[in-house]
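This report looks at charged side chains and how they pair. Please have the sequence and the model at hand while reading.

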Amino acid sequence: MRSWIAVIFAAIMCFSATTVSAANASAPHEEPSAAAMTFDLLIVRPLGLVTTVAGAGLFVLSVPFSAIQGKSPLDAADTLVVQPAQFTFTRPLGESD
């Protein structure tokens, strides 16, 4: 009996997530508020910069291990440096997506 309840609950959650994502896809784009832009500028961007610098340090430490394993360090570079740098420097102010 409990397994049926779990299956029904999981199905409801899946359909509700699909409905929400479809509603968000059709919603018009809104400009971020001044408060969101200020929070992004004063809090999120500096944290993104710290994350980018820390990721660069971790990347430098991971390169020898990647070389030992014979793997390309480009995947680690993308995850540890490029993605945080894009989040910090290239996204519009006030947008978190």
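Predicted model: local features only at pLDDT ≥ 70, side-chain atom pairs only at ≥ 80, totals over all residues.

## Salt bridges

Side chains of opposite charge can pair when their charged atoms come close. Across the whole structure, a search finds two salt bridges. One of them links the side chains of Arg-45 and Asp-40, with an N to O distance of 3.3 Å. Another is formed by the side chains of Asp-40 and Arg-91, at 2.9 Å from N to O. Through shared partners, Asp-40, Arg-45 and Arg-91 are joined into one network.

## Position in the chain

Asp-40 belongs to helix H2, which covers residues 34–69, while Arg-91 is in the segment after helix H3 (74–89); the pair therefore ties together parts that are 51 residues apart in sequence.

## Burial

Buried means under 20% relative accessible area. Asp-40 has a relative accessible area of 3%, so Asp-40 is buried. Arg-45 has a value of 15% and is therefore buried as well. Arg-91, at 10%, also counts as buried.

## Surroundings of Arg-91

Besides its salt bridge with Asp-40, Arg-91 has a side chain that reaches the backbone oxygen of Phe-87 at 2.7 Å. Leaving aside residues up to four places away in sequence, Arg-91 touches Asp-40, Val-44, Arg-45, Gln-86 and Ser-96. Two of these names, Asp-40 and Arg-45, are also in the salt-bridge network with Arg-91.

Terms used. Residues numbered from 1 in each chain as written. Heavy atoms only, no water. Salt bridge = Lys/Arg side-chain N within 4 Å of Asp/Glu carboxyl O. Buried < 20%, exposed > 50% of the residue type's maximum accessible area, 1.4 Å probe, protein only. Helix = DSSP H or I, 4+ residues; strand = E, 2+ residues; numbered from the N terminus. Polar contact = N/O pair within 3.5 Å; in protein donor to acceptor, adjacent residues only side chain to side chain. Contact = heavy atoms within 4.5 Å.
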